[in-house]
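Trainee: Could you take me through one part of this model closely? I would like to see how two neighbouring pieces are put together and what surrounds them.

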Amino acid sequence: MQLDIYHLQARSAFHFGQRGVGIEESADCGPSDTLFSAMCHALRLATSVNDLEAMLDRFAAGEPPFLLSGAFPYVSLSDRYLRFYPVPVGFLRGDYGTTAQTPESKTRGVTLGKASKAHWLSEDLFFAWLEGSLSPSRVMNETSLLPGHVLVTSEQKAELHKQFKKNVTADEELRLWHVYEVPRVAVDRTSSAPNIFQAGRLSFLPRGGLWCGIYHRDPEQWSTAWTEEVLRHVGDLGLGGERSSGHGQFDLKSGVSLVMPDLSQGERFMTLSHYHPVYDQYRDERGVLGLEAAYELVIRRGWMSSPDDSGLRRKPVRMIATGSVLRTLEPSQIYGELVDVTPDAFAPRIHTVWRYGFALPVGVRN
């Protein structure tokens with residue numbers, strides 16, 4: 001499977017709301033459904049409602065012209081991009097065994113020390129895990145955990161510190177991105193009384209940002225050039241929340257292509273997007289949760305944003321989280337669907353509000 005990679009170089013901080021009170025928390029990545037919604041919004045504003053509805057009809061019919069990942073962190077080195085991937089669910093905890101085919105790797109619950117706290121893998125480590133060569137001994141002896149729960153090789157750590165040494169002081173470790181809170185103030189329109197609150201934001205080192213992967217299933221209906229044009233519009237409009245405060249803007253950098261293992265490589269796959277399995281009279285995808293699957297569930301919710309209305313909460317939906325490792329049913333199958341999350345208060349229903357729930361599956365060879 002050829003995955004087209006797009007780098008979204010941060011022009012400002014991002015805000016990706018976490019479940020909780022207010023907007024105090026921000027995630028360190030952009031969910032796939034958030035990115036898809038932003039692309040739909042940009043497409044409508046840049047072209048027409050008809051173009052958007054024609055595209056959505058393909059998705060609703062179960063024949064998406066493209067599949068996309070979440071927006072994950074990267075940093076820009078002098079000669080390349082260093083991309084990071086979500087840690088596969090269960091891998092560093094030994095929930096379903098580990099990857100390398102050795103007696104050591106088949107021991108459940110292997111203690112990996114600080115590495116077990118990692119949320120992100122560098123691309124080299126991720127591909128090693130896909131191939132089955134990232135053994136526990138290699139994790140313990142050849143990797144380092146950076147602030148932000150980022151697992152890199154020892155060579156990558158040295159290179160990062162060399163290139164970004166001016167961004168850290170002698171008594172602190174290098175942090176590739178920061179998730180923090182900043183004070184904000186809202187003024188009451190009637191009394192002019194100030195209300196101070198905290199807002200979470202995600203910021204990166206210079207030339208850093210987020211990357212996303214898109215698998216173009218139907219280049220004639222949705223080309224790479226069209227993808228770039230839409231993503232440039234998203235970069236100007238902003239990705240995520242707090243866009244009215246200038247958050248979420250980015251510059252689109254030249255893309256590259258990666259060959260990812262497809263579903264014929266093994267009996268499991270990892271999804272690089274949030275995934276809503278289909279279960280109806282025509283299809284039953286519950287089998288993805290079979291033997292040796294390791295997954296997490298996430299409840300997706302939030303506010304709808306449309307030229308026709310705003311300020312309405314979309315219906316919540318439970319999805320399988322990015323990074324989950326699942327059983328392959330059919331190698332050629334499209335996994336997932338669009339989910340109708342139109343608010344009941346959105347009446348008359350001018351259009352359907354969708355939540356993107358297609359998996360972007362990467363075959364696991366181990």
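Mentor: Happy to! Let's begin with how axes are handled: they are lines fitted to C-alpha atoms, for helices over the stretch in contact, and angles run from 0 to 180 degrees between N-to-C directions. Helices (H or I, at least four residues) and strands (E, at least two) are DSSP runs, numbered from the N terminus. This is a predicted model, in which local features need pLDDT of at least 70, side-chain atom pairs count only at pLDDT 80 or more, and totals for chains, interfaces and linings use all residues. Residues are numbered from 1 along each chain as its sequence is written, and side-chain values use heavy atoms, with hydrogens and water left out.

Now to the part itself. The axes of helix 1 and helix 2 (residues 49–60) come within 8 Å, crossing at roughly 145°. Contact here means heavy atoms within 4.5 Å. On the helix 1 side, Phe36, Cys40, Leu43 and Arg44 take part, and they meet Val49, Asp51, Leu52, Met55, Leu56 and Phe59 of helix 2. Sorted by class, this contact has 8 nonpolar, no polar and 2 charged residues. For that sorting, Ala, Val, Leu, Ile, Met, Phe, Trp, Tyr, Cys and Pro count as nonpolar, Asp, Glu, Lys and Arg as charged, and the others, Gly among them, as polar.

Phe59 has an aromatic partner too: with Phe66 it forms an edge-to-face pair, 5.2 Å centre to centre and 80° between the planes. Rings of Phe, Tyr and Trp (its six-membered ring) pair if their centres lie within 6.5 Å; planes under 30 degrees apart count as stacked, over 60 as edge-to-face and the rest as tilted. Phe59 is buried, at 1% relative accessible area, and Phe66 is buried with 1% as well. Buried means under 20% relative accessible area, exposed over 50%, partly exposed in between (1.4 Å probe, protein chains only).

Leaving aside neighbours within four places in sequence, Leu176 is in contact with Val75, Phe84, Leu146, Val150, Leu160, Phe204 and Leu205.
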